[in-house]
Amino acid sequence: MSESPPTTPACYRHPGRETYVRCTRCDRSICPDCMNEASVGFQCPECVSEGRRSVRPARTAFGGGVVGRHGYVTKTLIALNLLVMLASIASDRGGDAAAGGNGFGGLMGGGTPLTEWGAVLGRAMFLDGTVGGVAEGQWYRLITAMFLHYGVVHLLLNMWALWVLGRSLEAVLGPLRFAALYFIAGFGGNVAVYVFSAPNQMSAGASTAIFGLFAAIFVIMRRLGRDTSAIVPILVINLIFTFTVPQISIAGHLGGLVFGALMALVLAYAPRSRRTLVQVAGGAIIVVLLLGMALVRTAALLG
């Protein structure tokens, strides 16, 4: 009986390609196009994918993704605020905010048609005789006010604080948790303005969220056992400005501070075993509480 000649091994994914290289995990033959360099030898595409699924992604101390160290959310928020400022200036064609006593773009604090449209306002009558405000169904104001500013100086001060605080917090919390902290603090500050300020008083600015970041960085650093002595004086100085400088929303700053601190406590002290669940539930409870406060205020203004 004659023996059949030995067959040349072929790639399991490309049967027409001869190869003598085998995957170090599954021992299947693989051609150069299917080779993925490993610590020892080569692996096939399926084994590489399986290995990636079995490796848990790196997380921060609070469960967030380490991609937060790139500061993508912080940079996006700053870009959005800058774009809205340009739109605000463009909306004020020929008005005082663009060129007049308040300086270009409301440099020293002027408003524009866009700030009038999106600032926090309880309930008031406008010059054209229409009535507007959150109580009249314009709930979007509690969000849009976070991205509107009364002038370039107002914008730059807030963006500088966001750049300094945001990158540090995003790196520690991860992008999603940082974004949740920012929006809950800003929303909380705007709800506080709605609830505790005069109904015809307008308020806008990212400072509601910024004060929340001040509170959060104190809470987070304490949780990590780091020194917070440099944070306290800065926070105190900002609070002094809040109470002494005219036209600053005290309710907005304090509201952002309180609700930013509450969200930071949820993020920092959630039990490790059920961390994500507790963090999501805690954030949802805070949002529901804020919505309840806004509904009570609306009923009072319309009653």
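Analyst: The answer starts with the model itself, goes on to the pocket, and ends with some residues elsewhere in the chain.

This is a predicted model, in which local features need pLDDT of at least 70 and side-chain atom pairs count only at pLDDT 80 or more, while totals for chains, interfaces and linings use all residues. Residues are numbered from 1 along each chain as its sequence is written, and side-chain values use heavy atoms, with hydrogens and water left out.

Confidence comes first. pLDDT is the predictor's confidence in each residue, from 0 to 100. Its mean over the protein is 87. Of the residues, 91% reach 70 or more. Residues 96–107 stay under 50. For that stretch the model has 30 contacts beyond four places in sequence, a contact being heavy atoms within 4.5 Å.

Now the pocket. The search runs on a 1 Å grid over the protein atoms alone, and a pocket is an open set of points where a 1.4 Å probe fits, with protein on both sides within 12 Å along at least five of seven lines. Lining residues have an atom within 4 Å of a point. The largest pocket has a volume of about 980 Å³; that is the space filled by probe spheres set on the points, which are joined across faces, edges and corners.

Its lining holds 32 residues. H154, L157, N158, I248 and H253 lie nearest the centre. The largest share is from α5, with six residues. Helices here are DSSP runs (H or I, at least four residues) and strands are E runs of at least two, numbered from the N terminus. By type, the lining has 18 nonpolar residues, 14 polar and no charged. Nonpolar means Ala, Val, Leu, Ile, Met, Phe, Trp, Tyr, Cys and Pro; charged means Asp, Glu, Lys and Arg; the others, Gly among them, are polar.

The annotation gives context. An unreviewed UniProt entry places "domain: Peptidase S54 rhomboid" on residues 137–268. Its positions follow the numbering used here, feature names are shortened, and annotations may be inferred rather than shown by experiment. In the model this span is 74% helix and 0% strand, with its end C-alpha atoms 35 Å apart. The record also lists "transmembrane region" spans, among them 178–196 and 277–296. Residues 178–196 are 100% helix, with end C-alpha atoms 27 Å apart. Residues 277–296 are also 100% helix, with the ends 29 Å apart.

I184 sits in helix α6 (175–196). It counts as buried because its relative accessibility is 9%; buried means under 20% relative accessible area, exposed over 50%, and partly exposed in between (1.4 Å probe, protein chains only). Beyond four places in sequence, I184 touches F259, M263, G283, I286, V287 and L290.

N81 belongs to helix α2 (72–91). At 0% relative accessibility, N81 is buried. Its contacts beyond four places in sequence are M146, F147, H149, L155, M159, Y182 and A206.

V131 is in strand β4 (131–132). Its 38% relative accessibility makes V131 partly exposed.

D27 lies in the segment before β1 (36–37). Its phi is near 65°, a positive value in a residue other than glycine. D27 is partly exposed, at 48% relative accessibility.
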